[in-house]
Amino acid sequence: MDDAKAIAPQELIEQARAQKAAQQEDEGTPLSVRIRQRVVASGGQYFSNDNIAEHIREGELDELQQEVEIRMRGVLESLVIDIENDHNTQDTARRVAKMFIREVFSGRYHAPPPVTEFPNAAKLNELMIVGPITMRSACAHHLCPIMGKVWVGVMPNEHSNLIGLSKYARLIDWVMSRPQIQEEAVAQLADLLQEKLRPDGLAVVLEAEHFCMHWRGVKDNQSKMVNSVMRGSFLNDSVLRREFLALMQTSAR
């Protein structure tokens, strides 16, 4: 037996160790804690606008949703709401948990949508603008809705990739379906599109209304926030930048 252990391939030893470690996970430990432990062990982070899908195993989203539901029931009870007898809120915790995990924050828990990239066979090198694309998110400070529109400007080169128009909307939704800060969200989106497209220039403009201002605080329902990221030729060529902004304003009408 000892000789068999000594000559076992290293990869089999590592697999056995990994299996043993998985089996030793305390079943009484909440799933959220176990996921956090995996993220930390990998050297990652789990900020509100991070994607942690690679640390979630098959079937665990159902368990995580159940955990959120239990904790949400505690929140409602702490708000002194009779969730046992109030017909309006008896099922609210389940609805909210499902909404957070499966819908409004789904960009944290799901892998990026599949996007087929096509080579620029025609060697297109003219300005392309996509938008306005409707975006929906939530403020990381108050979890209030953020609603707005995104415009994307692309200056391709012969080595760039092209993607279908609907894929812009899917990628935007994936990034925005997390608790976000608008300044960080527009940068995340620009990074993602830069990686997918590899263009000469990239411009992203995000205009949004924040319900943390409309619904609470100053309760100003007129204000909007606009952020832009300009990279490559859009940053270096003021004529191209002005053309993009002018055409963007035309499409916004």
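This is a dialogue on reading selected features of a predicted model.

Student: How many helices and strands are in the protein chain?

Tutor: Helices (H or I, at least four residues) and strands (E, at least two) are DSSP runs, numbered from the N terminus. The protein chain has 11 helices and 7 strands.

Student: What share of the residues is buried?

Tutor: Buried means under 20% relative accessible area, exposed over 50%, and partly exposed in between (1.4 Å probe, protein chains only). Of the 253 residues in the protein chain, 38% are buried.

Student: Among contacts between residues at least 6 apart in sequence, what percentage join residues at least 24 apart?

Tutor: Contact means heavy atoms within 4.5 Å. Among contacts in the protein chain between residues at least 6 apart in sequence, the figure is 67%.

Student: What is the volume of the largest pocket, and which residues are closest to its centre?

Tutor: The search uses a 1 Å grid over the protein atoms alone; a pocket is an open set of points with protein on both sides within 12 Å along at least five of seven lines, where a cavity is a set of points where a 1.4 Å probe fits but cannot get out. Lining residues have an atom within 4 Å of a point. Grid points are joined across faces, edges and corners, and a volume is the space filled by probe spheres set on the points. The largest pocket has a volume of about 640 Å³. Its lining has 20 residues, and Val68, Phe100, Ile101, Arg108 and Tyr109 are the closest to the centre.

Student: Which elements supply the lining of the largest pocket, and how does it divide by class?

Tutor: Helix 3 (31-41) and helix 4 (60-78), together with helix 5 (92-104) and helix 6 (106-109), each supply at least two residues of the lining of the largest pocket. Helix 4 gives the largest share, 6 residues. For the classes, Ala, Val, Leu, Ile, Met, Phe, Trp, Tyr, Cys and Pro count as nonpolar, Asp, Glu, Lys and Arg as charged, and the others, Gly among them, as polar. The lining of the largest pocket divides into 14 nonpolar, 2 polar and 4 charged residues.

Student: What is the volume of the second largest pocket, and what lines it?

Tutor: The second largest pocket has a volume of about 340 Å³. Of its 17 lining residues, Val104, Ser137, Ala138, Leu143 and Pro145 are the closest to its centre. Helix 5, strand 2 (128-139), strand 3 (145-155) and helix 7 (165-176) are the elements that give two or more residues to this lining. The largest share, 4 residues, comes from helix 5. By class, the lining of the second largest pocket has 11 nonpolar, 3 polar and 3 charged residues.

Student: Is Gln182 buried or exposed, and which side chains does its side chain make polar contacts with?

Tutor: A polar contact is a pair of N or O atoms within 3.5 Å; within protein, one must be able to donate a hydrogen and the other to accept it, and residues adjacent in sequence count only if both atoms are side-chain atoms. Gln182 is in helix 8 (residues 182-197) and is buried, at 3% relative accessibility. The Gln182 side chain makes polar contacts with the side chains of His210 (2.6 Å) and Asn227 (3.1 Å). Leaving aside neighbours within four places in sequence, the residues in contact with Gln182 include Leu206, Glu207, Met225 and Val226.

Student: How many disulfides does a search of the whole structure find?

Tutor: A disulfide is a covalent bond between the sulfur atoms of two cysteines. The criterion is a pair of cysteine sulfur atoms within 2.5 Å. The search finds 0 disulfides. For Cys139, the nearest cysteine sulfur is that of Cys212, 4.0 Å away, which is too far for a bond. Cys139 is buried at 4% relative accessibility, and Cys212 is buried at 12%.

Student: Where is the peptide bond cis, and which residues other than glycine have a positive phi?

Tutor: Most residues other than glycine have a negative phi, and most peptide bonds are trans. Here the peptide bond from Gly131 to Pro132 is cis, with omega near 0°, and Pro132 is in strand 2. Arg198 has a positive phi, near 50°; Arg198 lies in the loop between helix 8 and strand 6 (201-210) and is partly exposed at 44%. Lys219 has a positive phi near 55°, and Lys219 is exposed at 58% relative accessibility.

Methods
Residues are numbered from 1 along each chain as its sequence is written. This is a predicted model: local features need pLDDT of at least 70, side-chain atom pairs count only at pLDDT 80 or more; totals for chains, interfaces and linings use all residues. Side-chain values use heavy atoms; hydrogens and water are left out.
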